[in-house]
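Dear colleague,

Please find the structure below, together with its sequence. My notes on what was found in it follow.

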Amino acid sequence: MLSHDIKNHLGVILGYRDLLLEEMGEQGRAEEKGVLERIRINAATVHPLVVNYLNFSKIEAGHLTLTKESLLLNDVVQLVGQRYETEASRCNIALTFALQSDLPQILGDPLALERVVTNLLHNALKFTPESGRVTLRTRADNGAIVVAVEDTGPGITAAALSGLFQKFRRATENGYHEGTGLGLFITKELVEAHGGQIDVKSTLGQGSCFSVRLPLASVLPTVGEGENRAPTRMVMAVRKSA
């Protein structure tokens, strides 16, 4: 409950910051814009931590409910990627998209899948040094859609890979990074709740690639049917594993 309340207030803070910056326009003083930018950075740092705590508490209690519908994964990836374009530019990181066109639909919860892509992209940007590159990819593969997040960061050691998706695990080999150590654990739980799989490949000094594989929707609207037809929806509760 506390995490939910904090999340709502942080969302309001970020919204008013964007409104003030928009009203200020080009005439705003550099000092004023700098203050608003510091507000954004601090609020944006806390926001994903609170969201992860909220999701973690729901998973642990067995109360995380997914509402699934037929959707295009490219739409989710593009939405999340566009949210981080400013952050990538500020860090002098090239954020690129390599999305296969005309992908079939999958059955998924849009908000949960946004959280999956957000966690992976947030991590990639956090660990990628200045002048690096992060790439978002999608492709069809044997009855599934794969979304991959590649970075040119320092890579992950074999020892760290073995426990990467466990609770409260944080990378410490390349210096301190803020976080809860829950992002990848939550990501894995959400992916598996969709009947999918997550995998990571990494080479020290070259970067890492996190790949999420999600099955295609089994029931889709027939092409050519009325535009007002409601999407296939399914509500399910994610239960805590033993």
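A salt bridge is a side-chain nitrogen of Lys or Arg within 4 Å of a carboxyl oxygen of Asp or Glu. The structure holds 7 of them. This is a predicted model, in which local features need pLDDT of at least 70 and side-chain atom pairs count only at pLDDT 80 or more, while totals for chains, interfaces and linings use all residues. Residues are numbered from 1 along each chain as its sequence is written, and side-chain values use heavy atoms, with hydrogens and water left out.

Arg-137 lies in strand E4 (residues 133–140) and Glu-150 in strand E5, so the pair ties together parts 13 residues apart in sequence. Strands (E, at least two residues) and helices (H or I, at least four) are DSSP runs, numbered from the N terminus. Glu-150 is partly exposed at 26% relative accessible area; here buried means under 20%, exposed over 50%, and partly exposed in between (1.4 Å probe, protein chains only).

A second salt bridge links Arg-213 and Asp-141 (2.5 Å, N to O). Arg-213 belongs to strand E7 (residues 207–215), whereas Asp-141 sits in the loop between E4 and E5, 72 residues apart.

A further salt bridge pairs Lys-201 with Asp-199 (2.9 Å, N to O). Lys-201 is exposed, with a relative accessible area of 59%, but Asp-199 is partly exposed at 37%.

Yours sincerely
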